[in-house]
Amino acid sequence: MVRGIVVADQAHVVSDSAEFERLGALIRDRGGFLAVATASVPRRTPGQQARRRSVLEAASGWSELDGIRHDRPETGAEGL
């Protein structure tokens, strides 16, 4: 049983966008899905990238800003 279809490009299964939408509706009506896989990375602003880095550093307990492990506040920049 197939639950869905993922294609690299909609042109692999149909000739235009309207046809792709109709095919997708047909597959959804039968309990499946039709999707186009994209290789592009979501674009982020420099502010969003900096925020993500800060969140990841905080989650890991490490910050490159001061070299102190925040999960072990007694350690200094040397990690002692």
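Which residue in β2 is the bridge partner of Ile5? The bridge partner of Ile5 is Leu34, and I shall build my presentation around that pairing.

First, some conventions. Residues are numbered from 1 along each chain as its sequence is written, and side-chain values use heavy atoms, with hydrogens and water left out. The model is predicted, so local features need pLDDT of at least 70 and side-chain atom pairs count only at pLDDT 80 or more, while totals for chains, interfaces and linings use all residues.

Let us begin with the overall arrangement. The protein chain contains two helices and two strands, in the order β-α-β-α along the sequence. Helices (H or I, at least four residues) and strands (E, at least two) are DSSP runs, numbered from the N terminus. Strand β1, residues 4-7, and strand β2, residues 33-36, run parallel and are joined by four bridges; two strands pair if DSSP finds at least two bridges between them. Between β1 and β2 the chain passes through helix α1, residues 17-29, in a right-handed β-α-β crossover. Right-handed means that, with the strands pointing away from the viewer, the path from the first strand over the helix to the second runs clockwise.

I turn now to Val7, which is placed in strand β1. Its bridge partner in β2 is Val36. Val7 is buried, with a relative accessible area of 8%; buried means under 20%, exposed over 50%, and partly exposed in between, with a 1.4 Å probe and protein chains only. Leaving aside neighbours within four places in sequence, Val7 is in contact (heavy atoms within 4.5 Å) with Val13, Phe20, Ala35, Val36 and Ala37. Val7 and Ala37 are 30 residues apart along the chain, yet their C-alpha atoms are separated by 6.0 Å.

Beyond its neighbours within four places in sequence, Leu34 is in contact with Ile5, Phe20, Leu23, Gly24 and Ile27. Of these, Gly24 lies in helix α1 and is buried, at a relative accessible area of 4%.

Val7 and Leu34 both belong to the largest nonpolar core, together with Val14, Phe20 and Ile27. Such a core is a set of buried Ala, Val, Leu, Ile, Met, Phe, Trp, Tyr and Cys residues joined through side-chain atoms within 4.5 Å. In soluble globular proteins, nonpolar side chains tend to be buried together. Over the whole chain of 80 residues, 15% are buried.

Finally, confidence. The mean pLDDT, the predictor's confidence in each residue from 0 to 100, is 78 for the protein chain, and 68% of its residues reach 70 or more. Confidence is highest in α1, at 93, and lowest in helix α2, residues 46-60, at a mean of 81.
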